[in-house]
Amino acid sequence: MNLREEILKDRTKENMIRLAGILSEDKQLIEHLLKLISNENQESPAIRLAWLFQHLDDLFPKCVLPYQKDILVILNKGNRFDGVKRALVRALSNQKLKEEELGLAAEICFNYLSSQEESVAVKVHAMTVLLQIVQRVPELKDELIFSLEEQFPYQSAGFKSRAKKILKKLRVES
């Protein structure tokens, strides 16, 4: 199956759901999808491929669990397409991260959170990942609080809404 052709010829949500069902039954196709996402140089196909991965995560989260390291490698590579970052960080935010992935995930998400160039959607999903990490690595709590409070006055309503919820959770856990 040529996933790239499939997503370009039929861009509907229904097709993405259909393809996610096919992927859920084929580990090699999931690995192929991640390679395509990692290597795609054109924005539209890259985003559509990542959207397919996001649907796979939404519908079959257990299928995505073994690929956390692959997702982090793609994100760490410095993908320039916002839609790809948004979909992959969102997938991470829906997963319980493996212990061995916490360090790299924290580094990537703190970088996204502090970046002036990242979109609100990427930052919001990064906040959710960081909250999960802080619940397991409390030493990072103060850094997350500082990061959120520092940016709060200058950010959008979406950022502020998620930051308030996360700050409230962090302060309750104190």
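The structure is a predicted model, where local features need pLDDT of at least 70, side-chain atom pairs count only at pLDDT 80 or more, and totals for chains, interfaces and linings use all residues. Numbering starts from 1 along each chain as its sequence is written, and side-chain values use heavy atoms, with hydrogens and water left out.

**Exercise 1.** Work out how α2 and α4 cross.

- Start with the helices (DSSP runs of H or I, at least four residues, numbered from the N terminus): α2 covers residues 13-23 and α4 residues 43-59.
- Next, the axes (lines fitted to C-alpha atoms over the stretch in contact, with angles from 0 to 180 degrees between N-to-C directions) come within 9 Å and cross at roughly 65°.
- Then look at who meets whom, contact being heavy atoms within 4.5 Å: K13, M16, I17, L19, A20 and L23 in α2 face R48, W51, L52, H55, L56 and L59 in α4.

**Exercise 2.** Find the residues with the most contacts inside the largest nonpolar core.

- A core joins buried Ala, Val, Leu, Ile, Met, Phe, Trp, Tyr and Cys residues through side-chain atoms within 4.5 Å, buried being under 20% relative accessible area with a 1.4 Å probe, protein chains only.

**Exercise 3.** Is V122 buried or exposed?

- V122 has 0% relative accessibility, so it counts as buried.
- Leaving out residues up to four places away in sequence, V122 touches D82, K85, R86, V89 and Y112.

Notes
Helix = DSSP H or I, 4+ residues; strand = E, 2+ residues; numbered from the N terminus. Buried < 20%, exposed > 50% of the residue type's maximum accessible area, 1.4 Å probe, protein only.
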